[in-house]
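Q: I'd like to go through this model with you, one topic at a time. Can we start as soon as it is on screen?

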Amino acid sequence: MRAKDFMTNPPVPESKMPMVPPRILLGPGPSAAHPRVLQAMMSHMIGYLDPDFLLIMDEVSYLLKRVFQTDANLTLALSGTGSAGMEAGLSSLLEPDDTVVICASGFFSERMIDMAERLGANVVALRSEWGQPFPAEMLAEELKRHEGVKLVTVVHAETSTGIKQPVDDLAKLVKEHDALFMLDAVTSLGGNEVAVDRWDVDYCYSATQKCLACPPGLSPVALSPRAHEVVKNRKNKPSSWYLDLALIANYWGFEHVYHHTAPVSMILALREGLRIVVEEGLEARYERHSRNSAALRDGLEAMGLVLVAPEAYRLDQITPFWVPDGVDEIKLRQMLLREHGIEVGRGLGQFAGKVIRVGLMGESSKPEYVLALLSALEKILPRLDYETAQGAGVGAASSSLAAAAN
Ligand SMILES: Cc1ncc(COP(=O)(O)O)c(C=O)c1O
């Protein structure tokens, strides 16, 4: 089209999907956003340096301290999704040739390896079996071989495998080595305990679209005083200006120095999401996630489906199960979406095509969604040549929920 054609004001093309169709979001995220969060986003606009907006930011920072369970750390929200939190940590904490040890047992630690390699760091990728927690002994052995490791990283809730990584032993080893400790809490924050002070985490990052029941768009982070000193006193500026934690900390800190135009509506959304988390209570919220995922697991197992994660390390936020032999997993997911409006997740990386992942996070962690999914699976699976007794899954999940209520 020539430039002058734009001036003739042609009609706005008809939209193929004018309304966003309703969905039950039981994938790895985004999860359902809380209605109060959506309401908060409808506020009129306010300047990101307006003194009254700065008060709102201070409140977000305070509420994040509660959720990250930290008194000491600086807490703020980066513009961008969980990967922005990952990249900000790696690019601000690491300088070229610094050694970083990455404990890798899933898709998202592979992403960390890719990012750290791009930064020119000396990357020690410790790979262990997917579907199992990362073994602390492996880190202990590796740290004996190095002096002056700058950073050790691990994923707390590995969304690709459904593993909850035990943190205590790894945290102790990192401390003994005097390295910085970075923890990915994208899938756990607000749904599982994330104890930043107790575990001595120097940099912890998360995302808004999972257990915090907000839309995607911000990455809440907690930065220890020691890590803050490291980012302020680098030999060279980090390669990313936008994700420079020292600059962003100046905007969220006492002086509120301009960095970039903050996504005001998302910060309002996060404030509301965090208020809801704190009103529900952290313990009660963890308990809700645990109750609903236990019912889901009981239901899936009663249908003869096999879970990926071993019992002791199962995440409440995401439950991957193996696709039964002969079942077309793409068709299964399409039928769930088209016939029941339910989204579930596919497998990633080495689990692609082999697992289905069911997320129960934040506002999506509800008994009625567990029962709706199991009932839909009971209808669909026999049509895909997998026989299962009608009512077995729903019955087992209902019994589990009833037992938990007593
Ligand atoms: C454990 C984990 N880390 C990092 C990410 C990346 O987050 P985002 O997709 O919000 O950038 C995800 C996304 O699902 C995740 O599950």
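Q: How much area do domain 1 and domain 2 bury between them?
A: Domain 1 and domain 2 bury about 2200 Å² between them, with 66% of that on carbon and sulfur atoms; buried area is the accessible area (1.4 Å probe) that two parts lose on being put together, summed over both. Trp-130, Thr-159 and Gly-162 supply 21% of the area that domain 1 buries against domain 2, more than any other three residues. This is a predicted model, in which local features need pLDDT of at least 70 and side-chain atom pairs count only at pLDDT 80 or more, while totals for chains, interfaces and linings use all residues. Residues are numbered from 1 along each chain as its sequence is written, and side-chain values use heavy atoms, with hydrogens and water left out.

Q: Where are the bounds of the two domains?
A: Domain 1 covers 35-279 and domain 2 covers 282-405, bounds that come from an automatic or database domain assignment. Their centres, taken over C-alpha atoms, are separated by 29 Å.

Q: And how many residues are in contact across them?
A: On the domain 1 side 31 residues are in contact with 22 residues of domain 2, where contact means heavy atoms within 4.5 Å.

Q: How many salt bridges and polar contacts are there between domain 1 and domain 2?
A: The salt-bridge count is zero, taking a side-chain nitrogen of Lys or Arg within 4 Å of a carboxyl oxygen of Asp or Glu. For polar contacts, seven residue pairs are found across the interface, both residues at pLDDT 80 or more; the rule asks for a pair of N or O atoms within 3.5 Å and, within protein, one must be able to donate a hydrogen and the other to accept it, while residues adjacent in sequence count only if both atoms are side-chain atoms.

Q: New topic: which residues are closest to the ligand?
A: Of the 14 residues that surround the ligand, the closest are Thr-81, Ser-83, Thr-159, Asp-184 and Lys-210, a residue being counted if one of its heavy atoms lies within 4 Å.

Q: What distances do Thr-81, Ser-83 and Thr-159 have to an oxygen atom of the ligand?
A: From an N or O atom in the side chain, a ligand oxygen atom is 2.6 Å away for Thr-81, 2.6 Å for Ser-83 and 2.4 Å for Thr-159.
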